[in-house]
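Reader: I am new to reading protein structures, and I would like to go through one slowly. Could you show it to me and then take my questions in turn?

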Amino acid sequence: MKRIDLHLLGPLVALVGLFILGALLNPAFLAPANLSNVLARSAFIGLIAVGMTFVITQGGLDLSVGSMAAFLAGITIMAMNALAPFTGENWGTILIGMGVAMAGGVLAGFVNGALITRARIEAFIVTLGTMGIFRSLVTWLADGGTLSLDSGLRTLYRPVYFSGIGWITWPIIVFAIVAILGEWTMRHTRFGRHVEAIGSNDRVARYSAVDVERVRLMTYVLLGALVGLATILYVPRLGSASGSTGVLWELEAIAAVIIGGTALKGGRGRVWGTVVGVLILSLIDNILNLADLVSPYLNGAIQGVIIVLAVVLQREKRSAE
Amino acid sequence: MTPVLALDKVTKSFGPVEVLHGIDLALSAGEVHALIGENGAGKSTIMKILGGFLTPTSGQVLLDGHPAPFRSGPEAEAAGIVVIHQEFNLAPDLSVAANIFLGREISRGVRLDHTAMRAAAAELLDRLGTAIRPEARIRDLSVPDRQMVEIAKALSRKARVLIMDEPSAALTHREVDALYAQVDRLRAEGVALMFCSHRLDEVARLADRITVLRDGAVVRRALRGELTDDGMATAMVGRELRDIFPPKDTPAGEELLRVEGLSVPGAVQVGNVSLTLHRGEVLGIAGLVGSGRTELAEAIAGLRPSSGTISVRGQPTAIRHARDAAAAGIAYLTEDRKEAGLLLDKPLTENLTLAALDRFGFRIDRARERQAMADATRDFDIRAASTAMPAGALSGGNQQKLLLAKTMLTEPEIILIDEPTRGIDIGTKQQIYNFVRALARAGKGVIVISSELPEVMGLSDRVLVMRQGSLAGEVKGARITEENIVRLAMGLGREAEPA
């Protein structure tokens, strides 16, 4: 019944190709330590990109996620530092910090979504605004410098990023679980079907008694929650946040979604494609760093070419139909 | 005399389906030619071929007796053939003058000559007897005004051949008079005119020559005065007119729906409409385009804000969203199946279950979805190569059947169907008529809105006629006649006395 779609497999083929290329160029590429590092660093963008897949599929966009992550990291660190004298440097404090990150993410996503669906302002405009607001707030909270987690807490929190099951660290595990749940939600639940229907034609969805506004709002809340989750995994890595945390994450996340075959105009979402897209972007970065062929400074240029190429392939698919 | 523009044994196929069968047609200078036929008879296809938007599959287009294989609309327009489409072709954010001269701007050097264009536009609009200002933005104009701008734009093209698709459908009486005056003037100037219309009185008033189409073939040619309105209708519909409707054999049962004092704000307002619908009943709503029929139905279905009370099975029910209506067992089949009814890029199955997904579990049960699709394919006779194909690849008739199946999957008791057979061939129409009566037979209540009078008359136990946003009257039983409905729709007071 289903034809094999080369355009659909394109990103996967590219990923395998990059993997082989990496292994050929430098044996160190295949070392567990390197792969672990690549995957763990992909996890931040990856978690956000899974949420972004839902937002883009319903026909929306969120430019604020990078700034939001920086802001959430900032208030998480401040909350933990402020609480530590009372609650002690223990896991309880860290769990409260995690709660702040999650609650903050959900709230920020809700604000974005409510402005877009209730006040009916363009998603691009709303999130361009909140992008500036979050970025400015974290810079202000850090007074232009860096917010650092107190050293006792930092030591305690560090393993959340750096340890796990063997070389498969916690960020990789969390990313994998979220990706699987995300794919399942998009494919097999009413919510996922409604998200695709709204992106395909919101008028048809409305006439089919789908609560279009609520579904749209929920995608922004889901994305906010995933930004919160990414923040929880990011804070133990450096133990700090500043005005330059998470810069351009929003564009990397959007790029990963597009490379993965989700249509930018909405209507067709592929969470697994997004995961492939994230891995492609990280592998390019890693390979350029390991091999001497091309300067790592050209990373952005190569990623740019890949994004444009992915969209060209998407368009050829449409015109072929 | 050689006709200006003619079709010579033209056929047209879309895929394997031939929709036009050997059409001969001639438009002569200084003559008004009316092309009439039911929806789906092939009028639009002929107009598109004449206007260069479609190429014939076989046969040819002749301009002044010579083959003229136009490859595009602009190419035909350069030859003096101007088409006014039913859907407007205006840039909403530009001014009236800018639209009239779009692509042929008057300029002095590189600078646009706004003064000259405004003056020329004002003169054209003045000739049409409208008060539209050339500086006004299209977005701010009413639909009839936009229609007048389209006509002004065509006039400015100095057309040799002017083709109009339902030119008066969106116009008020006064504007229609101005339009007729222009048609007379253009005829006197030697322009060859052709138009499609559903208004038979208009055809009788304007046309020097009438061509009647049915199912893609010419079934009758006549000169002015040779055909009465009845004669035209009979020729259009053919002898099977009385046979295609199922018998009205279901008695009305208990009251299902009661609407009292419903008003809908908006561009087309509906004011203070009350109606009732019973089990086993098919209630028709007739009226001209723009009389508020769709707005009324969408308000009942929770798709438009409204005031007034709606009672379902005797219970006052607040309907503010489509899901409130769905919960009350009310379903609405939109007239706009391509933009509001179906996800054209999605597979049939996803379209079928979209409105009723909550019946398929939290984790959507694919096996049950496939079963529902198989049932729908059988029950509604949906003809598709594969259920994985996108809904947009289905023919209009099968799309309509899929939309019907999708709506019925929510198991509604009150079904509002807006234009049930727009753009559908006669065989499928009959199937849909049978579905409608079968719903009534199953004890449901059905409201049918249609611009096609034979359809409203043939299907309905009772017909409400709307005019300018209000109910103009009701006819039932033997009093459901074209004359009675038209009189009410046109505001000619009470229905005629029975002869």
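Predicted model: local features only at pLDDT ≥ 70, side-chain atom pairs only at ≥ 80, totals over all residues.

Reader: How are helix H2 and helix H11 of chain A oriented where they pack, roughly parallel or roughly antiparallel?
Author: Helix H2 (residues 32-57) of chain A and helix H11 (residues 212-238) of chain A pack with their axes 8 Å apart, and the angle is about 175°. Angles over 145 degrees count as roughly antiparallel. The relation of H2(A) to H11(A) is therefore roughly antiparallel.

Reader: How do the residues of that contact of H2(A) with H11(A) divide into nonpolar, polar and charged?
Author: On the side of H2(A) the contact includes A:Phe44, A:Ile48 and A:Met52, while on the side of H11(A) it includes A:Leu223, A:Val227 and A:Arg237. Taking the residues of this contact by kind, the division is 16 nonpolar, two polar and two charged.

Reader: Which element gives the largest share of the largest nonpolar core?
Author: The largest nonpolar core has 89 residues, and A:Ile48, A:Met52, A:Tyr157 and A:Val227 are those with the most contacts inside it. The largest share of this core is 13 residues, and the element that supplies them is H2(A).

Reader: Which residues does A:Ile48 contact, leaving aside its neighbours within four places in sequence?
Author: A:Ile48 belongs to the residues with the most contacts inside the largest core. Leaving aside neighbours within four places in sequence, the residues in contact with A:Ile48 are A:Val65, A:Leu223, A:Val227, A:Ala230, A:Trp249 and A:Ala253.

Reader: Which strands of chain B stand at the edges of the open sheet of four strands?
Author: The order of this open sheet in chain B is S14-S13-S16-S17, with antiparallel pairing. A strand at the edge has a single partner strand, so one side of it is left without a neighbour in the sheet. The strands in that position in chain B are S14 (270-278) and S17 (315-316).

Reader: What is the bridge partner of B:Ser311 in S17(B)?
Author: Strand S16 (residues 307-312) of chain B pairs with S17(B) in the antiparallel sense, over two bridges. For B:Ser311, the bridge partner in S17(B) is B:Pro316.

Reader: How many of the eight residues of helix H9 of chain B are buried?
Author: Helix H9(B) packs on the sheet, where it touches S13 (255-264), S14 and S16 of chain B, and its direction makes about 115° with that of S13(B). The buried residues of H9(B) include B:Arg293, B:Glu295 and B:Glu298. Helix H9 (residues 293-300) of chain B is largely enclosed by the rest of the structure, because the number of its residues that are buried is eight of the eight.

Reader: Is A:His194 buried or exposed?
Author: A:His194 lies in helix H9 (residues 190-200) of chain A. Not counting residues up to four places away in sequence, A:His194 touches A:Val210, A:Val215, B:Leu354 and B:Leu357. Its relative accessible area is 13%, and buried means under 20%. A:His194 is therefore buried.

Reader: What separates the C-alpha atoms of B:Leu343 and B:Ala391?
Author: B:Leu343 lies in the loop between helix H11 (337-341) and helix H12 (348-353) of chain B, and at 3% relative accessibility B:Leu343 counts as buried. Among the residues in contact with B:Leu343, leaving aside its neighbours within four places in sequence, are A:Ala197, A:Val204 and B:Ala391. B:Leu343 and B:Ala391 are 48 residues apart along the chain, and the separation of their C-alpha atoms is 6.7 Å.

Conventions
Residues numbered from 1 in each chain as written. Chains lettered and ligands numbered in written order. Heavy atoms only, no water. Axes fitted to C-alpha atoms, helices over the stretch in contact; angles between N-to-C directions. Parallel < 35°, antiparallel > 145°, perpendicular 65-115°, else oblique. Contact = heavy atoms within 4.5 Å. Nonpolar A, V, L, I, M, F, W, Y, C, P; charged D, E, K, R; others polar. Core = buried A, V, L, I, M, F, W, Y, C linked by side-chain atoms within 4.5 Å. Buried < 20%, exposed > 50% of the residue type's maximum accessible area, 1.4 Å probe, protein only. Pairing = 2+ DSSP bridges.
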